[in-house]
Each structure stands twice: as structure tokens, then as C-alpha cells.
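Please keep the sequence and the model at hand while reading.

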Amino acid sequence: MTAPPSPTAADHRTDAPAVRIGALAPLTRPGWAEAGHHLLAGLELAVHDVNAAGGVGGRPLELVVRDTAADPRRAEAAVDELALLGVAALAGEYHSVVARAVAARADALGVPFLCSSAVLDGLADRPTQWVARIAPAQSHGWRLYADFLLGAGHTRVAVATQPSLYWASGTRILRDHLVPQGGKVIELDMSTLTPSALCDRLAEEGATALLLLVGHPEPAVPIVESVRRDRRLSGMLIGAPAGQPELPEWATLLGADGASIPFLRYLPERLGPLGTRVGATLRARLGAAPSFVAFEGYDTIAVLAEALRTHGTDRTRIAASWPGIAVEGTRGTIRFSRPAGIDVWQWAWAPVQVADRDPSANDRFRVLHEERGHPRPPLTPGR
């Protein structure tokens, strides 16, 4: 199926000038481009739907898209450019380190930024009125993941990691949650280890679980392939809390080896009417099942459209609207607050699951654990 063209303000013509929103996403390497394209698909679909319903105050929305390519400096330059172009607000971004740079620049320039997908707790260095976030904070989701590991009997947990603020933060969250409950976290630096050497270390350490805190597809895919083929590690659980197995590319590259690898995803067990409709349309646009990242993109525009309808296009008024917003998104009612330790306006919280790809049907996801702690049956394909 050929996807329909990306929506713009011209899809719903009006004499009124468009309200411009700057959209930031990693659309090329070394960014995780597939995640970026899912994010952009959600943003674009929501703009289309807002414009089909009459826009905001009779004016259409228009996305002004910039590719960050996972580069913080490139993202900062894009923020400067978009601010000069007069965008009412900024939306998007997937990579936490990039989103952190965007948040700092948006705060300095006084441009509202609604972050879609980055989860790093320290998204801002100081409390800021200008930044809000749809995705749950890393500590919230990764603690749930640690609970899942403990519940499955894994107390000796190895993490294959690379130098990064995001991966270091994840390792610290896991250690802080697992160690007081009798667990151990064994950190293995993939900047010095080959996948084969990693397998040797895993066998030596007696770890029962390996978490992939590394880039995708390199070195995540070679690591999975090496561990799957090492007879010494036949009982090893491989996990990917950052969500790499959610995207279709994972299944394409790894096939059956990519199944049974638990990851975090930010979806409810069952979508409501809005989420179901949006999911079906996103599937048609993407030619594949939409990831939770696409739903995050849609919800981002839904929130910004409400802020624009109720407070107009003045940047200061938009930023002041965060605590008063209540919007029905694809995954629940979105409201913002200031949880402890978070210096931005935060949706507390989007639904969180631990899921994996079903080994008997690689296009089907199984929900293994969620915030209520109840195991769930497999979801239908693409959900």
C-alpha cells in the first residue's frame, strides 16, 4: 500500500495564516531514523486531524520539520532557526541527550517545547516553565522494568553499555532499585568488548539476564546474535528496556532471534476509540504497525492544539498553559504536574508496560508486566 502524502497546512486551505510548529526528530543516521519517522508520522497525522476539524481559531497548523540526526549541536541550531521563523512552539525529539539540548535552548530563548519521546529525568538543568513532556521519566519506567526482572527471578543482571548520559542514567536506576533487594548489576563496557568477548564475560560472571544499553542496530544486533548462538548462555534472558524491539526493523534484522526480548513500551493494554482509530490510520501511512513513539507524536500535537485554542499563539501564554491542560490523548487523559525530581512539566504518567515479541508469531506482542503488576495475554498483531 502506498502511504498518503504527508499533511501540511495546504491540505485544508483557508485564507488565515498558518500557525507554525517546529518539529524535531532524528530522520537520518546516526539517529535512530525509524523511530524518528514513526514520531513524525504521529505528529503529521495529528496536524491533519486538527486541520480537518477547522484548525485552531480558524487557522491551520503547519509543521516545520528539522532532522536532528541525534546530534545535540545540530538540534540547537534548528531551535535557533525555528525561533527566528516564528514558530509558536517546538514539538518532538526522540533521543534524550538531544532533547536535553533542545530543552536548554528553548528555555534560553523563551520558546515552548513539548517533548514527545525522550525520557531522561534531567531533561532540564533547572526548573523551567517552557518545557513539558509526554513520555514518562526514565526512572519511572526503568524501575518498573527492574521489578519485572526481580519478579522473574533475575538478581545477577549484566548490562552491556556504551558511554552516554542516557545509558549511565539507566544503569544507575537499575542498580539503585535492584541492589537493595539483593540484586547485582554487572556493567560491561561495549567500547572495549566484542560481542564474543561479552559472551565470555557473561559466562564467567554467572549472569542470568543481559540488558542491551547500547545503540541500534550496532552493536545491539550482533550482541543478540552472539548470545543466541552461545551454548553456555542458553538460559540467558536478553532485555532491552530502551524499547529497541518495538520497531519493525528489529524483527527484520533479527527474525526469530529478536523474539522474547522484554522491552518498555508506553501503551495501555487496550486502546480506546481514539487510539484505535489513530492506530489504524498510522498503520496505513507507515505500512507497518505503529510503535508507541508514533502515538507519542500524535498526543504531542493534540496537547499543543488545545493550548493554542485556549491561549492563542503567544509563546508565554502557551508555556503558562501546561498546568491547566487536560486533553484526551490516544493513551489516556493527559495532564501535567511537577513530580519530585523532574524540572519540566510532566505527564505523570503515560501507561507503561514490559512487553516482548511472541516467539510463536513475531508480529505479535505479549504484555509481560505493567504498573498494576498483572500479567496479560498476547495482544493482537500490531497492537
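Predicted model: local features only at pLDDT ≥ 70, side-chain atom pairs only at ≥ 80, totals over all residues.

Which side chain of opposite charge is nearest to Glu 93, and how many Å away is it?

Glu 93 is buried but takes part in no salt bridge, and the nearest oppositely charged side chain is that of Arg 74, 9.4 Å away. A salt bridge would need a side-chain nitrogen of Lys or Arg within 4 Å of a carboxyl oxygen.

The Glu 93 side chain does make a polar contact, at 2.9 Å, with the side chain of Thr 68. Beyond its neighbours within four places in sequence, Glu 93 is in contact with a set of residues including Leu 24, Ala 25, Pro 26, Leu 39, Val 98, Cys 115 and Ser 116.

## Nonpolar cores

The largest nonpolar core holds 104 residues, and those with the most contacts inside it are Leu 61, Leu 90, Trp 142, Ile 301, Val 303, Trp 322 and Phe 336. Helix α10 (residues 292–311) supplies the largest share of this core, 12 residues. When residues up to four places away in sequence are left out, Val 303 touches Leu 114, Ile 134, Trp 322, Ile 325, Val 327, Ile 334 and Phe 336.

## Cysteines

With a disulfide taken as a pair of cysteine sulfur atoms within 2.5 Å, the count is 0 disulfides. Cys 115 is buried, its relative accessible area being 0%, and Cys 199 also counts as buried, at 2% relative accessibility.

Terms used. Residues numbered from 1 in each chain as written. Heavy atoms only, no water. Buried < 20%, exposed > 50% of the residue type's maximum accessible area, 1.4 Å probe, protein only. Core = buried A, V, L, I, M, F, W, Y, C linked by side-chain atoms within 4.5 Å. Helix = DSSP H or I, 4+ residues; strand = E, 2+ residues; numbered from the N terminus. Contact = heavy atoms within 4.5 Å. Lys, Arg positive; Asp, Glu negative; His and termini not counted. Polar contact = N/O pair within 3.5 Å; in protein donor to acceptor, adjacent residues only side chain to side chain.
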